[in-house]
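Trainee: I would like to learn how to read a model like this one, feature by feature. Could we go through it together?
Mentor: Gladly; here it is.

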Amino acid sequence: MNSNWFKDAVVYQIYPRSFQDSNHDGIGDLGGIKQRIPYLKKLGVDVLWLNPIYRSPDVDNGYDISDYESIQADFGTMEDFDQLLEALHKNQLKLMMDLVVNHTSDQHKWFQASKQSRDNPYADYYIWRDPVDGHAPNNWGASFNGSAWTYVPERGQYYLHLFAPEQPDLNWENEAVRQDVYAAMRFWLEKGIDGFRMDVINMISKVPGLPDGPQAAGAAYGDSSPYTTNGPRLNEFLQEMNREVLSHYDIMTVGEMPGATPEMARQYSNLAGTELNMIFQFEHVSLAGNPDPRLGKWNDQPVSLVDLKASLSRWQEGLDGQGWNSLYWNNHDQPRAVSRFTTAGPQERVKAAQMLGTTLHLLQGTPYVYEGEELGMTNVGYTSLDQYEDIESLNAYHEYVEKEQLVSGSTMLRYLAHMSRDNARTPMPWDTSLNAGFSDVEPWFALNPNYPEINAASQTDDPESVFSYYQKLIALRHQEPAIRYGSYQLLDPKDDQVFAYLREYQGTTLLVINNFTATTVHRDYDQVKGELLLANYPAGQLTEFRPYESRVYVHK
Ligand code: TEU
Ligand code: CA
């Protein structure tokens, strides 16, 4: 049974290792999350999504799981987990776990057995292929650089890993794999969790034959994505997972789906509930790529507002009445939104963060707030390679600067500073005490040095703060059905300064106006009637919009 509570919820994403340390080891943990429940209740969110907390060698910070039915020791014990879940439920908070089943860690017992021989019970749990002319079976590159194939002498074969070599892809064509995954899901659902975020779940069906992918001139490897995303059996697998597991629980599901289109998402998030509730799509966070296709996401370009408006509108219109959107600017894989979608300096940062929050939270879909986004956190401003810890950042530098020599070190450092996932993984700034109150010992990863200016303690009681504004956005969503269920209409698609749109629901009209620039602009919205519902400035001139000004008018 699946009710539609996911349509009324606001989700808060916690990166556990960076949220709150409670046992003096510099690493965030489950006890720390429990300590911060009052903060989360004050913000007003409904659901917590925790990045993976299962046992892992941490090659990819937990996205390489070695035991699905365990808790990573750094985060605590299973008892700590049970106590956290109980405390959350007692406080009317729901818990969504991160399900990573496109791949496991190479330390998982399944892979340790699978690699031994071609005839053990786990031999076909992964994707093994014979060498071709003594080389890898095809030209695919891995997301974290290098080949997507690694040779294992014991088997005389290569195995596929779309990410790190320590993240072998599971073979979903094998029914036994799917049944073991469903068993692991039931382990957590029987404990009472309230849903799953599913890591790169649209990669679990690969095109048979694993054909060579398109290879940019001069690129070391081909692109696997045409053959490894949105594959031929994906809907079948999702429907089987739904029939066998998901539909037996009152839960919320969101599938991370790089490369999915609105048309595909109408099926993935269909209202009949036969697959998932919603997906994370990547269109709006992939708008500014590098002119050199070999460098993919790495760039330091601003995002065009006209492109951003067109992209978000495609998804609002594409799913209205036929599916359901997730809404996000940030997560643990994306740089901080204020630094990525605006050019706001320290003086305009608060307004810019409030404007971005308005733009996103007044759309149709389930909003996700990533830890620190509600404080208006910014990128760090990294300047040297030794400041980075993320495998994706470090591998990209070594591959593109040193190995393939596609770009200079200084240019790549600029790209990393703008786009790296490390920007999102600095410890949560709670206050101005030692280590921002995150830990009383040296944190596992350096804090953003601007924590004296940007921290929770300085905002939770300040009515003008980003935190207080996010409180209002979240409260409004709970109060106003037009925000949750209303239709969407973009105004002035070509306007490259203001993102304005309408929402309509049962006679209520919302007019949402967001000035994306650091300048004052003049606009005359003749639709403006009814009262001001929300604004990030005191009342001003009706047709004058100050830097990063947002206004929401309601007409019933
Ligand atoms: O991310 C999938 C994914 O597509 C990312 O690699 C994304 O493309 C990239 O980070 C953009 O910068 C998921 C997890 O969210 C990510 O943290 C993991 O590293 C990855 O899968 C492998 O599990
Ligand atoms: Ca700790």
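Trainee: Let me start with one residue: is Asn 23 buried, partly exposed or exposed?

Mentor: Asn 23 is partly exposed, with a relative accessible area of 40%. Keep in mind that this is a predicted model. The label follows from the cut-offs, because buried means under 20%, exposed means over 50%, and partly exposed is what lies in between. By that reading Asp 21 is buried, at 6%.

Trainee: Which protein donors does the calcium ion (ligand 2) have?

Mentor: Asp 21 (OD), Asn 23 (OD1), Asp 25 (OD), Ile 27 (O) and Asp 29 (OD) are the protein donors, and they lie 2.2 to 2.3 Å from the ion. Along the chain these donors follow the spacing D-x1-N-x1-D-x1-I-x1-D.

Trainee: Now the sheet, please. In what order do the strands of the open sheet come?

Mentor: The order is β9-β8-β7-β3-β2-β1-β11-β10, which makes 8 strands with parallel pairing. The edges are β9 and β10, each of which pairs on one side only.

Trainee: What does Thr 366 touch?

Mentor: Thr 366 belongs to strand β11 (residues 366-370). Leaving aside residues up to four places away in sequence, its contacts include Phe 6, Lys 7, Ala 9, Val 11, Met 252 and Trp 324. The relative accessibility of Thr 366 is 0%, so this residue counts as buried.

Trainee: On to helices. How should I think about which way their residues point?

Mentor: The general idea is that an α-helix has 3.6 residues a turn, so residues three or four places apart point the same way. Our case is helix α9 (residues 305-319), with 15 residues and a reach of 21 Å from first C-alpha to last, close to the 21 Å expected at 1.5 Å a residue.

Trainee: Which residues of α9 are buried?

Mentor: Among them are Leu 305, Leu 308, Leu 312, Trp 315 and Leu 319. Lys 309, Ser 311 and Gln 316 are also among the buried residues. The cover over the buried residues of α9 includes α8 (262-268), β9 (278-280), β10 (326-327), α10 (337-341), β12 (487-491) and β13 (498-505).

Trainee: And what is found at the start of α9?

Mentor: There, a side-chain oxygen of Ser 304 comes to within 3.3 Å of the backbone nitrogen of Val 306. After the helix comes Gly 321, with a positive phi near 80°.

Trainee: Which residues other than glycine have a positive phi?

Mentor: Two examples will do. Leu 210 has a positive phi of about 45° and lies in the loop between β7 and α6 (225-228). Gln 405 has a phi near 50° and sits in the loop between α12 (391-403) and α13 (409-419).

Trainee: Last topic: how many salt bridges does the structure hold?

Mentor: The general idea is that side chains of opposite charge can pair when their charged atoms come close. This structure holds 31 salt bridges. One of them joins Asp 82 and Lys 191, at 2.8 Å from N to O. Asp 82 lies in helix α3 and Lys 191 in the loop between α5 (175-189) and β7 (195-198), so the pair ties together parts that are 109 residues apart in sequence. Asp 82 is partly exposed at 31%, and Lys 191 is partly exposed at 27%.

Trainee: Are Glu 549 and Arg 546 buried or exposed?

Mentor: Glu 549 and Arg 546 are both buried, and their side chains meet in a salt bridge of 2.9 Å, N to O. Salt bridges can also join into a network, as with Asp 60, Lys 297, Asp 333, Asp 390, Glu 392, Arg 421 and Arg 425.

Key:
Residues numbered from 1 in each chain as written. Chains lettered and ligands numbered in written order. Predicted model: local features only at pLDDT ≥ 70, side-chain atom pairs only at ≥ 80, totals over all residues. Heavy atoms only, no water. Helix = DSSP H or I, 4+ residues; strand = E, 2+ residues; numbered from the N terminus. Expected span 1.5 Å × (residues − 1). Buried < 20%, exposed > 50% of the residue type's maximum accessible area, 1.4 Å probe, protein only. Contact = heavy atoms within 4.5 Å. Polar contact = N/O pair within 3.5 Å; in protein donor to acceptor, adjacent residues only side chain to side chain. Salt bridge = Lys/Arg side-chain N within 4 Å of Asp/Glu carboxyl O. Donors = N, O, S within 2.8 Å, 3.2 Å for Na, K, Ca; no water. Pairing = 2+ DSSP bridges.
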